[in-house]
Amino acid sequence: MPVKAPAKSKQGGGGTSSLKVGKGRPPRVSMGGAKVALKDDIRDDVTEIGEGGHGEEWMQTKSLIKPDDQLDLSEGELKEEFTRILTANNPHAPQNIVRYNFKDRSFKQTSHVDQLAIHFSLDGNMIHKDSDEARRQKAKYGAAETVSDQAISEAEEEKKDEEGEEKAEVEEGADKRDEESTPAPPKGGDNKKLTNQFNYSERASQTYNNPYRERATQTEPPPRANFSATGNQWEIYDAYKEDQEKQEKAKEKKQTSSKKEEGTVKKKLTAMETQTDDVSRISHAAKIVERMVNQNTFDDVSQDFKYWEDVSDEYRDSEGTLLPLWKFSYDKAKRLAVTSLCWNPKYRDLFIVTHGSYDFMKQSRGMLLCYTMKNPSYPEYVYPTTSGVMCVDVHPEHPYLVAVGFYDGSVGVYNVTNKDNKPIYQSTAKTGKHTDPVWQVAWQKDDLDNNLNFFSVSSDGRVVAWTLVKNELTYTDVIQLKLDEAPQEGPEGTQLTPLGCGTCFDFHKQTDYLFLVGTEEGKIHKCSKAYSSQFLDTFDAHHMAVYKVHWNYYHPKIFISCSADWTVKIWDHTYKNGAMFTFDLGSSVGDVAWAPYSSTIFAAVTADGKVHVFDLSINKYEPICEQAVVQKKKTKLTHITFNPNHPIVLVGDDRGYVTSLKLSPNLRKVPKDKKGQELQRGPEQEIAKMDKLLALVREPSNKDN
């Protein structure tokens with residue numbers, strides 16, 4: 001409401017009435033004149049309304065606008081009371097907590113739920129005034145008692161200030177009250193003014209509390225087992241002795257060479273080491289279960305391998321077929337070509353595959369894999385290498401020793417019984433490694449000192465004999481493949497003899513010192529271990545690189561060769577007038593192999609993905625089986641090998657796959673006599689069969705002469 005000043009007092013004509021208002025207190029009126037005094041900006045809130053001013057608009061009543069969705073309630077409904085009960089329970093506390101009861105060994109719901117919700121928590125640092133720490137602080141600062149006295153005096157003065165405000169009536173009394181409110185100087189101690197710890201303004205705000213959520217999970221308790229043992233001095237001594245024996249055997253393992261006697265020691269050592277490993281305890285059982293699962297998965301293939309025979313061979317005498325069986329592959333070796341295949345001489349279901357690259361511009365890594373026909377899904381042993389592995393051979397008497405040749409020119413020997421993935425022997429630049437890729441390695445009989453040794457051939461023109469002596473791999477150059485060209489002049493007037501590039505070799509089955517070497521120039525050299533300076537004979541065999549030479553298993557004079565010039569040739573090393581048989585297969589021939597069960601059957605693989613099987617006793621001009629075994633046309637077949645016992649062959653391609661094929665009965669036919677009875681197989685019968693073929697070939701040439 002507007003306030004108007006009174007005109008004049010009735011009691012005193014010359015007096016004025018004054019109005020004095022204190023801040024935060026009711027106004028006090030003193031009659032001394034006609035003026036009104038307003039303190040602390042009270043007059044700012046007073047509005048003078050004149051006649052005809054804007055005050056009438058301000059005084060007009062406001063009309064209320066009712067929302068459309070407002071409910072129309074009666075008086076009874078408006079006066080109806082609703083009762084709400086406030087409880088101390090936390091509405092956000094979960095009611096379905098389940099915990100595992102270890103006593104009952106089951107999950108049970110928890111009945112007690114914590115309803116306490118903490119809004120604010122602060123750790124204080126107050127100490128008791130009579131404690132040692134408080135005394136040390138008093139002695140250090142000397143202000144604790146002063147502060148307490150000052151606080152008491154201020155509290156008393158505040159009470160007096162409140163009483164004085166109610167009784168005071170004049171302005172002078174208010175000024176005295178302000179002077180009395182000033183604190184007195186502290187008694188004793190320093191003159192340092194301390195702040196009032198109790199005179200503070202507290203401000204607080206309420207914010208929305210997020211609902212408390214707690215997530216927890218209970219897992220099954222780990223398995224428990226009771227273990228108890230008694231330790232005494234004798235058991236500790238036995239344990240130390242056993243550990244000492246293990247260390248001594250480990251030293252012997254590094255120092256001794258790989259022989260039969262040492263092989264048994266290593267097996268015992270590995271058995272002792274694996275007994276402490278929990279995983280190795282079930283490895284044998286897990287391997288058996290894995291093979292059982294694979295046998296069930298590939299049951300139809302296993303049945304075909306054991307019992308299937310192509311019935312159509314009974315109605316065709318000069319043709320045969322190949323039945324695809326298992327297909328072996330490893331994910332990390334799919335982009336690497338199959339560079340060599342070799343069956344284990346003792347375990348007939350185990351074979352070794354090497355992976356690398358024949359492309360000079362795409363050399364990266366290599367792989368040595370050991371597969372078994374009992375588990376076609378995954379290799380038994382995996383040995384990754386930094387360089388491509390180009391060839392492999394397994395020792396005939398020690399089937400755990402594997403010799404390999406690498407693309408970087410080094411050779412190595414692996415022991416598959418060792419857990420280490422590195423070779424136990426490997427050549428280096430100091431120990432005479434090759435300077436070009438090693439294309440073939442072959443184990444030989446032990447030397448006079450009963451040391452293991454093997455041979456290797458490389459593109460650098462050297463045939464090297466490697467001997468395993470203790471922890472070293474020593475080498476001896478057997479022969480250098482010198483060309484017939486004149487020596488070339490080198491720096492400072494030296495004479496450089498050009499060397500041929502060796503690609504393959506094979507040792508005679510009966511005569512130990514005799515071996516053949518094929519070269520990139522298309523020549524085949526007949527060499528001897530005893531002569532390192534010259535060749536026994538040289539055959540101008542092919543027009544391009546020779547990829548394989550292979551002695552016949554039965555006939556001592558016959559060997560076969562294949563080349564990139566699309567041809568396969570059969571030779572008699574005592575016959576000087578050229579090859580006995582020549583077959584043009586229409587594509588580059590990657591590999592050729594004699595059948596171990598017949599002297600007249602051989603198989604070859606070509607770059608167009610086909611397998612060619614010949615039986616010279618049936619057809620001397622055409623293959624009795626020509627079959628494509630790859631899915632993609634651009635896939636090239638690289639190698640082939642016969643199983644020594646079972647009627648199957650393995651074929652490798654340049655995409656990393658190995659395919660097993662079963663030979664039909666016509667491809668492994670037993671010869672019959674004139675009466676229709678099967679002839680007994682043996683070296684003499686096979687030699688006689690081959691001699692009969694050679695006689696038929698030589699008759700036309702003798703007539704021409």
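This is a predicted model: local features need pLDDT of at least 70, side-chain atom pairs count only at pLDDT 80 or more; totals for chains, interfaces and linings use all residues.
**Salt bridges, rings and a covered strand**

Let me begin with D132, which forms a salt bridge with R135, the closest N and O atoms being 3.1 Å apart. D132 is exposed, with a relative accessible area of 52%, while R135, at 48%, counts as partly exposed.

That is one of 15 salt bridges by the count used here, and I would like to take you through two others. The side chains of D512 and K445 meet in a salt bridge at 3.5 Å, N to O. This pair links distant parts of the chain, since D512 sits in the loop between β20 and β21 and K445 in the loop between β14 and β15, 67 residues apart. Here K445 is exposed, with a relative accessible area of 62%, whereas D512 is partly exposed at 39%.

Next, K610 forms a salt bridge with E626, again with a closest N to O distance of 3.5 Å. Because K610 lies in strand β30 and E626 in strand β31, the pair ties together parts that are 16 residues apart in sequence. K610 is partly exposed, at 29% relative accessibility, and E626 is partly exposed too, at 47%. There is also a network, in which salt bridges that share partners join K287, R291 and E380.

Turning to the rings, a search of the whole structure finds 26 aromatic pairs. For F559 and W571 the ring centres are 6.3 Å apart and the planes are at 10°, so this pair is stacked. F559 comes from strand β25 and W571 from strand β26, 12 residues apart, and both residues are buried. Elsewhere, ring pairs link F581, F583, W594, F602 and F614 into a cluster. Charges also meet rings: the charged end of K327 sits over the ring of Y657, 4.7 Å from its centre, and K509 lies over the face of Y553, at 5.4 Å from the ring centre.

Strand β7 runs antiparallel to β8 and is joined to it by 6 bridges, with H355 standing opposite M367. Strand β9 is also antiparallel to β8, through 5 bridges, and there L368 stands opposite Y383.

Key. Residues are numbered from 1 along each chain as its sequence is written. Side-chain values use heavy atoms; hydrogens and water are left out. Rings of Phe, Tyr and Trp (its six-membered ring) pair if their centres lie within 6.5 Å; planes under 30 degrees apart count as stacked, over 60 as edge-to-face and the rest as tilted. Helices (H or I, at least four residues) and strands (E, at least two) are DSSP runs, numbered from the N terminus. Buried means under 20% relative accessible area, exposed over 50%, partly exposed in between (1.4 Å probe, protein chains only). A charge sits over a ring if NZ of Lys or CZ of Arg is within 6 Å of the ring centre and within 35 degrees of the ring normal. Two strands pair if DSSP finds at least two bridges between them. A salt bridge is a side-chain nitrogen of Lys or Arg within 4 Å of a carboxyl oxygen of Asp or Glu.
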